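Me: I have a structure to read and I am new to this. Can we go through it step by step?

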Amino acid sequence: MAHDHCHCRDYTRSELIRRAAAQAGQGLPAIENGMPLPAGTGLSRRSFLSRSAGLALAVYGATRIPLAAFEAGIAHAATPPKVLVSIFFDGGIDALNVLAPLNDSRYHDLRPTLALPSGLGFSEDPDLFWHPSAASLRTLHGEDKVSVFPAIGYTSPNHSHFTSRHYYEIGEVQVGANTGWLGRYIEEVGSDDNPLQGISLGNELSPMLATPSRPVAAIESVTDYDLWSWADHEDAPVQANMFSSFGNLGNLPSDSPAMTQARRAIGQTEQVREQLGAFSDYTSPVANLYPKNTGLSDQLSGLAAMLGVGLPVQVATMSAVGGYDTHEDEANTLTSNLKRTCDAVFAFQRDLEARGLADRVLIEMWSEFGRRPEENGGGTDHGAAGLAFVVGQHAGGTMIGGFPGLATLDEDDNLLHTSDFRSMYCTLLENWLGVDAGPIIPGADSLPRYPALID
Amino acid sequence: MAIAQASKKHKHKKRRKKRKKKHRSPVATPPASTPAAPPPPPPPPDPPRYLHVTGWDDSAGDGLVRPVYEWVDSPPTDTPPPRPLPKPQDPPAPKAAQPFGVYSGPFGRVQAKRLLDRAGFGPKPGQALDLSKKGLRAAVYSLTRPSGSANLVGPAPVDEDGLPIAPLDAWGHDHLWWLDRMIRSDQQLVERMALVLHDWFATSNDKVDKAQLMINQSNLFRLSCFGSFRTLLENVTKDPAMLLWLDGVENTRNHPNENYAREVQELFTLGADRGAYTEDDVRELARCFTGWDYDWDDNLGPVNFRYVDSRHDNKNKTVYGQTGNWTWQDGCRLCVENPMHASFFVKKLWSYFIPQAPSADTVSALTSLYTSNSYAIRPVLEAILMHPDFYEGPAMVKPPVVFLASLMRATRTFITDEKWYWLSRDAGQMLFYPPNVSGWDDNRWLDTNTMRGRWLCTTEVLDYHHAEVWDESYDPAEQPEPAVDKALEVWDYPPLRKEQQDEVVRFSNDAFPGGLANWQKIAYRALRQNALRQLIAVGPDMNLA
């Protein structure tokens, strides 16, 4: 569904290889020439159910400490003062149709079919207009809770999804690093026994979170550990008695290694089921704001609930709704996916505010590149400078780098960048997370900072 | 592809949650109408006469309680005594690895069930008892020497809309296609061996990305599973899915790719760290395997797999000290003729059927059997299935799809819903998607995640076989032990160890308090019945073979 309109074969293929690489461990499939290995490839993956956190976790990391140690680590970790949430527009979101220069005739020349018919005013630049699907983000912008990067990028832009995304993931403009920029942050400030410090909500670990050694985790869903049966009726004690009997079956004597394994799994399964109350039925204070049937809603509302009970999450990553590699049928695809993403982020912000957590959390929304100003008919091809947003109570609310305009494009006829993603990272690290960017972002010393990003 | 999978998965999750809320009525699947016990009595010699059950006999020691009856001339006036629960079935204390030989102990329903659980996907109702009557050797031969092609018995698989599954096109339907064969095929060991070989030559559609090629490969396994391993290895080497998976098509004279040459030795024929081969052998063997190619078709994907002589390295290669201008067939031959191969083969095959390692004496006997039969699989397989360790050794964990298929076979449940693929995945085994080239880890089938998957598999099987709670049809006077008996019957009387049966009976006694309102007497008993069915299936005995 996400990439239903994607015609670029290298994209699906790289996605395939990325997944295979993450899963295969030994016997890695061949990586094509020139394609960087995703950061974190080869990290060991160990799954367990954390009773102290009430979550099913897949833990990644070079550390070999026993899983049991993570229980204690999660239970004893201090609540971090600042949290960064990363939301990835997968495929290269079309900056020019999210914040559209509707007053520029060149925009209409370049986009005879795709130009937005109308938009919502953008208070910082009279020539730019929000896509109507971004209305909820515009509301937050009006509350000074959104910092907009209308044209973020880097010099010598790479047009491969795989490579450009890799740059953003590792925080430098060259291939080869096998740790992510957020992973290196966790390495600096994290611990050896708290995998929740860096979590990917989704099936697999984001390469951004790949650490040199400290454990980080992926969780598919915060509500995923239910066991149901046909003995369920709210007034009857039958199912509860069945569960306790199930637990008893796990504690009987064993006559073989296989029996020991079965008994242990049964006993632990029942223990975990019993202790997962925290999230199996959590309710959001703003549940009706979240878009329905959207994975991002589940992930963000679940994350808010996790933060609400004080789980020691420092960094969380996830993907925006749908895919943004809109080579064709862009008008429909972008309208639908952008709206659900913005609405989910809006609901999350309100959720944090209702829970009194808003001053602890900042959201960064990014994509691997923007799209070509000139449309190809029904869609747009890979471009250069793109969009980023930083959302939260402490976002500065001021545009970083102006809109470069369409009069001058780069040598490939793409948008020029007016801000650098590595500078955004340095500023987030120093002004939000409170660490020196030097050891984390290569070349940090020579990169400018954006002090207006955070207040 | 990857993305389509993710979104589909999400959709299913939603549906599952929805389903939880509503009580669905069973869909039209054939009911489990022929329980194994009691076996039907012989027809009356001189009708009309009447069957008079006077008592119950559990002396056979096979986990079944048979009626004691007589034929009478007039309708019996007394009610038969309630059927007692079968005696628990504690397995004999596992013995240490025994010498090579043929099992000579009793071959009853319990032993036949172990055979069907390990060499198939569990018995259909009554099948274990029937098989036990053949005796050990004929029972094994009935599995290893099937005649003709397999029949798929029962209704063909459909999705929840009643449409035929689309294994080549729809995500997860390739899994359903094979799961269905596991449930319905009358050549159970062929399917089980195909699963063994799928794990042995573990190839994942994650990289192959074409279900047809994966299904073709599984058909190769079906056709070859009793024949010559050497021929099988040649066929695997040129199998398109394998050529893609381990880069055989990238392996050329000018750019040799060692992927297949390494795994074929490490995982398929010789084993790592046994001194069977060197790094030089990997490189030289890779040169033997050069020459394969294929074309890419924008509509069809990978097509036209073929051997191209100009891509083959036509110079001398030295493998295991033997030098020659070896072809790819020579490469396969050299692996199989490597003196370390036969012992690797027999131990690996053994490990799929018997959890404890074979004695040295058994390894050496199986090795001779294998080499003296020109690398034929069947003689070794038959020896393993008749070995005393098979019947007297410790239990083993059923792989997730075996667990699921055995639940479905025991209840005559057929595929009428897509859900089984994600349930299998939750239980830890998605067919055609082994975790890596070394296959699934048979020592790690059970953890809190996969046990949850097995729980949900059971719940979903009971979707079609649960007692209705709210239609007031349930027996308001059912006593705890008959309730257990009824639940055991649903699963065709799985033999339970004493402590598990005792726990289940204890639960049945304590499931709800006394002093219930009338409606509760009915509903709570139906709930208890469903709980018993769940507990018996998810308990350790049915997770083990």
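Me: Which residues have the most contacts inside the largest nonpolar core?

Reply: Keep in mind that this is a predicted model. To read a core, look for buried nonpolar residues joined to one another. Here the largest nonpolar core has 163 residues. B:Leu179, B:Ile384 and B:Leu404 have the most contacts inside it. Helix α23 of chain B, residues 518–538, gives this core its largest share, eleven residues. A second, separate core has 115 residues. Among them are A:Ile186, A:Ala320, A:Phe421 and A:Tyr425.

Me: How many helices and strands are in chain A?

Reply: Count each kind of element separately. Chain A has 13 helices and 13 strands. Then check burial: of its 455 residues, 58% count as buried. Next, check how far apart in sequence the contacting residues are. Take the contacts in chain A with a separation of 6 or more: residues 24 or more positions apart account for 70% of them.

Me: What is the strand order in the open sheet of three strands in chain A?

Reply: Follow the pairing from strand to strand. The order is β4-β6-β5, with antiparallel pairing. The edge strands, β4 (99–100) and β5 (120–121), each pair on one side only.

Me: How many bridges join β5(A) to β6 of chain A?

Reply: Two bridges join them, and the strands run antiparallel. Strand β6 covers residues 129–130. To see the pairing, find A:Gly121: it stands opposite A:Phe129 in β6(A).

Methods. Residues numbered from 1 in each chain as written. Chains lettered and ligands numbered in written order. Predicted model: local features only at pLDDT ≥ 70, side-chain atom pairs only at ≥ 80, totals over all residues. Helix = DSSP H or I, 4+ residues; strand = E, 2+ residues; numbered from the N terminus. Buried ≥ 20, exposed ≤ 12 C-beta atoms within 10 Å, placed from the backbone. Contact = placed C-beta atoms within 7 Å. Core = buried A, V, L, I, M, F, W, Y, C linked by C-beta atoms within 7 Å. Pairing = 2+ DSSP bridges.
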